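These are my notebook entries on a structure that I have not examined before. I record what I looked up, topic by topic.

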Protein chains: 2
Amino acid sequence: MRNLTLSLGCSVHANYGLAGEHKSHYIPPSTVLPMHGIVTGGAGFIGSHLVDCLVHNNWDVTVIDDCRTGGTHNLQRHLDTRAITFLKKDLNDDGWQESFRSADHVFHLAADPDVKESARDPSATIRNNFTATVRVLEAAHHHGIPAIAFTSTSTVYGDAPVIPTPETYGPLAPISVYGATKLASEALIAAYCGTWGMDAQVFRFANIIGSRSNHGVCWDFIQKLRRDPGHLEILGDGRQAKSYLEVHACVDAMLHVSGKSPPGYQVFNIGSEDWVDVRSIADIVTREMGLSGVEYRFSGGARGWVGDVPRMLLSIEKVKALGWHPRIGSQESIRVAVRALLEA
Amino acid sequence: MRNLTLSLGCSVHANYGLAGEHKSHYIPPSTVLPMHGIVTGGAGFIGSHLVDCLVHNNWDVTVIDDCRTGGTHNLQRHLDTRAITFLKKDLNDDGWQESFRSADHVFHLAADPDVKESARDPSATIRNNFTATVRVLEAAHHHGIPAIAFTSTSTVYGDAPVIPTPETYGPLAPISVYGATKLASEALIAAYCGTWGMDAQVFRFANIIGSRSNHGVCWDFIQKLRRDPGHLEILGDGRQAKSYLEVHACVDAMLHVSGKSPPGYQVFNIGSEDWVDVRSIADIVTREMGLSGVEYRFSGGARGWVGDVPRMLLSIEKVKALGWHPRIGSQESIRVAVRALLEA
């Protein structure tokens, strides 16, 4: 098979200046034979940014997405130029597996992304996050695809007392069904690697933010303040402190690691090296929206919702050892993300 | 709800003398109001020993088992005396959930137990180990059952380089589908505890051996030597070294911990403090069977089968801190188990 390291190493990233400008600049695509990548959830928030990067790097890209949380508007320019193959499919239905036949790499991002929702309908989250992963693994194994990248989450750690939390932390006790389905998926991926010799990179993400997102604290605050610029309801006591990473940096990390990871089953934390509390995020959002005198109303309690982990900061020493590091911290990432969301 | 610690603390255990005799002796049952325990997989190897213990301690016991790997012969005396309620049901079908209505504790043991088989039919192992657990959790949550005990496995650790392996070891990378489904189940249990306030004791077992087992190395060697007393095929190079625990000690540990565990989601390794290699097990089995001059034929390789973990020893410091410790080591456990299997 072709050497992944030759054509990976994402060249699409944000150029974060001191003032927080957000420019994407591209280096020329590699000149090796095109790789064929499958991106499940490729019409979604992170997935569509990944597709941008792969297309620009001259990959053949097949996107599989049911457009339940994402949408083709995130891929419009690639659809217009026929740069990608798009399959509108639910992974729990059939009709997409044959597209794996010639693939070199599967990036499995498709998932129900909302931690809060997972307490309301566990069976839907289990089906869309875990069962879908089992089906992706089965197709990848059937077609002999050598490598899979999987987007997991910091929520697999639950309320970890060790902060920053390293990949070696245990025992893992996710406190949300969302986190559990991601850990369950990790487990099956590990078994497929151990049993059939597949390579896998599992990415445990901090909070990823930026353009095209349609949930999460930044998006939520903007929607609320657009409806009512005088008041802002904040879930919890506002002191929940977490690590945030802008989506371009996230995709950069994924592709950097996918090209440099050792073989076998590998787990990597991806995030910023600091955290920011929810009240500070509210301050950034109101400032970026040009609002003043906004009254904050806290719903109270240490957690914003059932399954919320109030303190999250990941150790990223492992990914740094592979040569990737975040260029900006959580506060600046929030600012960049909020500007991108406001400009959309 | 009634105080579990009053009526638990298993009093059924083997009395291991120096010569390795295997006698069960019972202390009188407790005098508090009977607890109602659900035992899924209660007609199986470990489950039926657990039922013995619960019945003797004056519990009301409901067994749910589809008798695919276990059988009612393991529960005959309790069925004859109407000491238990038995539901022959597959957890993936309906018709058993109503029995959870009055239960105080669920012991969820039902599973496809064979690591080897899980590579042949992953979807069956996923359905019977993971999906069944989801359904048990849903029923327990629906009926407000406060506590669940779950039998997990050392195979969640995969090829852990840290030996003895503590519960805090990570990242967990099971190399078999069996281990993955158990880890996936652990994850969902943690989420149910975190989301709905359930208590759980998760037991990661070393190799459990003894009477009523119908798979595993001791059982396997006995079957092979009964067919051909002159030769013994040994999977792998015979140097795989693992920790073994006799089933009475295992059940004793489960009930001891269930009565003393802190609240919330708790994980406990259960095993012996030493290991024994496969060649030594063969020596014990042949000696106990009175055979001599048996020719060993090794299939070769460090692993006995796909997904086999060649070295496994669990740290049991956590369960020892709760006051339980194994009375005999792995070699003696093998001897006791082999004698019990030969006497059956």
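Helices (H or I, at least four residues) and strands (E, at least two) are DSSP runs that are numbered from the N terminus.

I noted that the model is predicted, that local features need pLDDT of at least 70, that side-chain atom pairs count only at pLDDT 80 or more, and that totals for chains, interfaces and linings use all residues. Residues are numbered from 1 along each chain as its sequence is written, chains are lettered from A and ligands numbered from 1 in the order in which they are written, and side-chain values use heavy atoms, with hydrogens and water left out.

**Entry 1: strand 4 of chain B and its neighbours**

I began with strand 3 (residues 36-40) of chain B, which runs parallel to strand 4 of chain B and is joined to it by 5 bridges. Within this pair I found Val39(B) opposite Val63(B). With helix 2 (residues 45-56) of chain B, the two strands make a right-handed β-α-β unit. Right-handed here means that, with the strands pointing away from the viewer, the path from the first strand over the helix to the second runs clockwise.

I then looked up strand 5 (residues 84-88) of chain B, which pairs with strand 4 of chain B in the parallel sense over 5 bridges. There, Ile84(B) is the bridge partner of Val61(B).

Is strand 4 of chain B buried or exposed? Of its 6 residues (60-65), 5 are buried, so the strand is largely enclosed by the rest of the structure. Buried means under 20% relative accessible area, exposed over 50%, and partly exposed in between (1.4 Å probe, protein chains only).

**Entry 2: positive phi angles in chain B**

I looked up Asn58(B), which is not a glycine and yet has a positive phi of about 75 degrees. Asn58(B) sits in the loop between helix 2 and strand 4 of chain B, and it is partly exposed at a relative accessible area of 37%.

Arg82(B), also a residue other than glycine, has a positive phi near 55 degrees. Its place is the loop between helix 3 (76-80) and strand 5 of chain B, where Arg82(B) is exposed, with a relative accessible area of 76%.

**Entry 3: a second sheet in chain B**

I recorded an open sheet of 3 strands in chain B, in the order 14-11-16, with mixed pairing. Strand 14 (276-277) and strand 16 (311-312) stand at the edges with a single partner strand each, so one side of each has no neighbour in the sheet. Strand 11 (residues 241-242) pairs with strand 16 in the parallel sense over 2 bridges, and Ala241(B) stands opposite Arg311(B).

**Entry 4: the two chains together**

The contact (heavy atoms within 4.5 Å) takes 32 residues from chain A and 32 residues from chain B.

Pro171(A) lies in the loop between strand 7 (147-153) and helix 6 (177-196) of chain A.

Note on methods:
Pairing = 2+ DSSP bridges.
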